[in-house]
Amino acid sequence: MRGKKRMLSALLILVMLAVMGLQAGCAAKAEEHANATGKTDVPKGEILELTANAAGTPRLEGENFKCFSGEEDNVTDFGIKLFQQTLADGKNSMISPLSAILALAMTAQGAQGETREELETLFNTDIDYLCAVLNHYQNALMNRENAALAIANSIWIRDEEDRLTVEEQFLVDSREYFHAQAYQAAFDDETVKAMNEWCKEKTGGMIEEIVEELTEEQVMHLLNAVSFNAVWEKPYHSYQVGNMDFHTESGKAQKMEAMFGEESLYIADEKAQGFIKPYEDGYAFMALLPKEGVSVADYVASMTGESFRALLRNASEETVQTVLPKFTSEYSVEMIPALRALGVELLFDDMQADLSGLGTSTRGNLYVSAVFQKTFITVDTEGTRAAAVTDVVTEDKAAPLETKVVRLDRPFIYAIIDTKKNVPIFMGTVMEMA
């Protein structure tokens, strides 16, 4: 039973272009948040690592780590829904629900009130609990021998002491739960360069840029990077590679280089069939081909977390002759429309968002202005390399200035003054126009 759970977890990571599931471990409800020690100004200076001193929220370890039920299902359900909402019309698509949920969960730590409730509805669980589960999962991934999956998180904070005050507890919990590095920066061209260098480094060069510019309104970026690099359990030999036609849904034929093989795990439902091809490192690639007359979009629209899990549960050991194209794909998507469709509204409302757990700004309310993700994948005879970076952008809403109107279209008084001493040098009135 435990072996099946581990297999399920491995499949859920990369299946359907990185739809994630938690590994077969168990976790208990997180202990109540430790009291924050108050707000702290981010240290000034160049881009540097922030060290916060407050005590972190207790993590689930040892005797406190008990069995949880259904949490992996909640995450998978979220991944399927997000995939449905971000599907490109007639073009290649790819998202990483794992990257998205890590970046959003890190952000959700700072959400309060109804904003937090919306996110808990989205994930169908308590935020503190979700962060504890993700913490355990990330630790387990990073502790695997010859780990194929790498995860990194960072927080980039505008260096403007009279404007932004960051909650220390948010920084500490981000470090404790997500091992997030926090940096303070001027949010200028050098910061853009540094953020993109971080992105490139953490994805092994697969994604070189996540930020084009930093605007005056932006005060915080929460970044997650996920990279995957694994070889096939059964690599393809040169004699298994050949050319053939790929037919688009419109009927257009395109030449492709394909890999011909034989696998032993077959999956099928009423609308599609496919196969599972394992990697060496405890992960697997899953492919699903809709039946004739069923479009990819229609099949994806019909998917649910439960139907997806059923496919994996019902995988049968059969000989499967397979043809897998060599392919490389890149995709970028702004996820706010997808998240709005899934019921999240307040997080993106510049007046109603409650991100007071992140910090405060003298300019106005903090809210999320963008949730941007870039992905990359290449599949060849040796294995698969894939990466994703998710950027949650936080801005502050400048309070609108009260507009005053003074129309000198009737008699008025005037003066010429010494502004150093506030002494009137001349004063007069205008009662009429000469």
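A pocket, in the sense used here, is an open set of grid points where a 1.4 Å probe fits, with protein on both sides within 12 Å along at least five of seven lines, and its lining residues are those with an atom within 4 Å of a point. In this predicted model, the largest pocket is lined by 50 residues, and those that lie nearest its centre are Phe246, Leu288, Leu289, Pro290 and Val296. The space in this pocket comes to about 2,100 Å³. Two or more lining residues are given by each of the helices α1 (2-18) and α8 (296-302) and by each of the strands β7 (241-247), β8 (253-268), β9 (272-278), β10 (284-290), β11 and β12 (327-334). Sorted by class, the lining holds 28 nonpolar, 14 polar and eight charged residues.

Strand β11, which spans residues 316-325, also contains Thr319. This threonine has a relative accessible area of 58% and is therefore exposed, the cut-off for that class being over 50%. Although 55 residues separate Thr319 from Ser264 in sequence, their C-alpha atoms are 4.8 Å apart in space. Once neighbours within four places in sequence are left aside, the contacts of Thr319 are with Glu262 and Glu263.

The largest nonpolar core has 88 residues, among which Ile155, Met220, Leu339 and Val371 touch the most other members. Helix α3 (residues 97-108) supplies the largest share of this core, nine residues. Beyond its neighbours within four places in sequence, Ile155 is in contact with residues including Met106, Phe170, Leu171, Tyr183, Met220 and Leu222, and also with Ser174, Gln181 and His221.

Several loop residues complete the picture. Thr203, in the loop between α7 (189-202) and β6 (218-231), has a relative accessible area of 0% and so counts as buried. With residues up to four places away in sequence not counted, Thr203 touches Ala225 and Ser227 as well as Ala387, Ala388 and Val389.

Positive phi values are found at two further loop positions. His179, in the loop between α6 (168-178) and β5 (181-185), is a residue other than glycine with phi near 55 degrees, and its relative accessibility of 38% makes it partly exposed. Phe187, in the loop between β5 and α7, is likewise not a glycine and has a positive phi of about 55 degrees, but this phenylalanine is buried, because its relative accessible area of 5% is under 20%.

Methods: Residues numbered from 1 in each chain as written. Predicted model: local features only at pLDDT ≥ 70, side-chain atom pairs only at ≥ 80, totals over all residues. Heavy atoms only, no water. Core = buried A, V, L, I, M, F, W, Y, C linked by side-chain atoms within 4.5 Å. Buried < 20%, exposed > 50% of the residue type's maximum accessible area, 1.4 Å probe, protein only. Helix = DSSP H or I, 4+ residues; strand = E, 2+ residues; numbered from the N terminus. Contact = heavy atoms within 4.5 Å. 1 Å grid on protein atoms, 1.4 Å probe; cavity = no way out; pocket = protein on both sides within 12 Å on 5 of 7 lines; lining within 4 Å. Points joined across faces, edges and corners; volume = space filled by probe spheres on them. Nonpolar A, V, L, I, M, F, W, Y, C, P; charged D, E, K, R; others polar.
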